[in-house]
Amino acid sequence: MRTLLITGPGGSGRTTVAAATALAAAREGVRTLVLSADRTDTLGSVLGVTTGPEPVEAAEGLTAWRPDATAGFRDDLGAFQERAANVLDLLGASRLDAEEVTPLPGAEELTLLRALRDAALSERHELLVVDLPPTPQALALLALPEELRRYLRRLLPPERQAARALRPMLGRLAGVPMPSEWLYETAARWDMELAAVQAVVADRNTVVRLVAEPGPAGADAVRSAALALALRGLRPDVLVANRVLPEQAQDTWLAGPAAQQRKALEEWQETYDVRPVRHLGHDPRGTDDLAALTVPGVDDTGSAVEWSVADTLADDGVSRVFVWHIPLPGAIRDELDLIRRGDELVVAAGQFRRIVPLPSVLRRCTVAGAALRDGELRIRFAPDPDLWPETR
C-alpha cells in the first residue's frame, strides 16, 4: 500500500488537496482511504459527507475516516488505570470515570498516529491519503515516534528487564506489589506500537507532499518545512502550488497578487517539482468541485533520503577519513550546531533539532570537522586509534 502524507501552512488548502487527491485516485480504480484528525469536520465539508469515528464511503472506491481523539484517550486512560490498579490502590488514588475525561493537548496527534498505523496494517486499501495538521504540528507529529522511543529506552532500558525474576520475591518481602513488572510491560507495548508507526513513516512506499499558496508567506513556510523534513531524512515528492490565479488576473485588481504568485512559482521551480492547482474562484465543496482541481497523482517516487557514509582519504593522501553526508537544503551555516554524545549526534538547524544514532562504523571514530556545501552537511570522522588497532 502507498501512503501519502500531505501537509502545508495553515490556510493553504491542504485538506482540500488531500480530498481531491484521494478522489482522483478512487476514480482511477484505486481503493483509497483519506484520513484526518481535525476536531472540526473540515474533511467532511470538502467531500460533502459527514466524517467521524466510523469510516464512511465518500464516493465509489473512496473511504473517509476522522477518528475521535476523545474516545481514544478515554480508552487508553481506562486501560492504563486497569494495569496500574495495584499501584493506584497502594497510593490511595481515586480513579477517573470515563465521563470526566477530556483529551489532553497532543491527543489528536497520538490518535492520528494510531489510526495511521492501523490503516497501514489493515491492507484494506491500496492508497492511504493522510491530511496532516499544519506544517509545524505535522513536523512534530512525524518526529514523535522516534523521540518517544528514545525517551523510553533512556528511562526504561530494555536490559533492566533481565531482573524480572527477582520482582515477585521482592514484592513478597516488602509486603506490597512491585510496580516494575507492569511498568516495563507497558513500556514494551508502547515501544512496539511506536515502532510500527515509525516504520510506516520511514517506509519506501510513504511519500510526503507539501501544499502551499505561492507568495511571500508560502515561500517562507516551504523553506522552513523543507529543512525540517530534511533533518528527518525526508523530502517532498512534489510541491503543490494551490489557488494559482489565472493569467487574466494581470488586467484586474488581482494583478499584484498574481505577480507575487509568479515570482514564488519561478523560485520554487528551481528547487522543487512544482504542480500548480488553479483557483476555482470559490471554496471547493463536494466531489464535482474536487474533480475540477488538477491535483497530481501518486507515483513510485519515495520521500526517504539516504544519509550516506563515504570511506575516503584525508588531504595528506594517507590517513583514513569517513564523511557523513546529510542533505540539508536551505540550511544556514551560522544556524547549524553539532554535539557528539556517546553514540549519538545532536544536529540542530535553525529552530529544528534531531538526535540521531551514529552509524556503527562512526561510533569508533572521533569528529574531525564539518562543512556545509551546496545544501549538504558533510561531517568528517577520523578513526579512533584506541578502537582501530590497525591505525596505530
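Reader: How many bridges pair strand 2 with strand 4, and in which sense, parallel or antiparallel?

Author: In general, strands of a sheet pair through backbone hydrogen bonds, either parallel or antiparallel. Here strand 2 (residues 32-36) and strand 4 pair in the parallel sense over four bridges. Two strands count as paired if DSSP finds at least two bridges between them. Strands are DSSP runs of E with at least two residues, helices are runs of H or I with at least four, and both are numbered from the N terminus. For a landmark, look at Val-34, which stands opposite Ala-64 in strand 4.

Reader: Before we go on, what kind of model is this?

Author: It's a predicted model, where local features need pLDDT of at least 70 and side-chain atom pairs count only at pLDDT 80 or more, while totals for chains, interfaces and linings use all residues. Residues are numbered from 1 along each chain as its sequence is written, and side-chain values use heavy atoms, with hydrogens and water left out.

Reader: Which sense does the pairing of strand 3 and strand 4 have?

Author: Strand 3 (residues 56-59) pairs with strand 4 in the antiparallel sense, over three bridges. Find Glu-57 and you'll see Thr-63 of strand 4 opposite. The two strands make a hairpin with two residues between them, and Gly-61 there takes a positive phi near 80 degrees.

Reader: Are the residues of strand 4 buried or exposed?

Author: Buried means under 20% relative accessible area, exposed means over 50%, and partly exposed is in between (1.4 Å probe, protein chains only). In strand 4 (residues 62-65), both faces are covered: Leu-62 and Ala-64 on one side, Thr-63 and Trp-65 on the other, are all buried. Across the protein, 44% of the 392 residues are buried.

Reader: Which residues have a positive phi although they are not a glycine?

Author: Arg-243 is one of them, with a positive phi of about 60 degrees. Arg-243 lies in strand 7 (residues 236-244) and counts as partly exposed, at 24% relative accessibility. Asp-374 is another, at about 50 degrees. Asp-374 sits in the loop between strand 14 (365-373) and strand 15 (376-383), and is exposed, with a relative accessible area of 79%.

Reader: What about helices: what span should helix 5 have?

Author: The expected span is 1.5 Å times one less than the number of residues. For the 16 residues of helix 5 (residues 107-122), that rule says 22 Å, and the end C-alpha atoms are 22 Å apart, which agrees. Just after helix 5, Glu-123 takes a positive phi of about 60 degrees. The buried residues of helix 5 include Glu-108, Leu-112, Leu-113 and Arg-117.

Reader: At what angle do helix 5 and helix 6 pack?

Author: First, the method: axes are lines fitted to C-alpha atoms, for helices over the stretch in contact, and angles run from 0 to 180 degrees between N-to-C directions. Helix 5 and helix 6 pack at about 70 degrees, with axes 10 Å apart. That makes them roughly perpendicular (under 35 degrees is roughly parallel, over 145 roughly antiparallel, 65 to 115 roughly perpendicular and the rest oblique). Contact means heavy atoms within 4.5 Å, and here Glu-109, Leu-110, Leu-112 and Leu-113 of helix 5 meet Leu-141, Leu-144 and Pro-145 of helix 6.

Reader: And how do helix 6 and helix 9 cross?

Author: Their axes come within 11 Å and cross at roughly 0 degrees, so helix 6 is roughly parallel to helix 9. Thr-135, Leu-139 and Leu-142 of helix 6 make the contact with Ala-225, Ala-228 and Leu-229 of helix 9.

Reader: Where is Arg-150?

Author: Arg-150 is in helix 6, and it's buried, at 14% relative accessible area. Leaving aside neighbours within four places in sequence, Arg-150 is in contact with Glu-344 and Ile-355.
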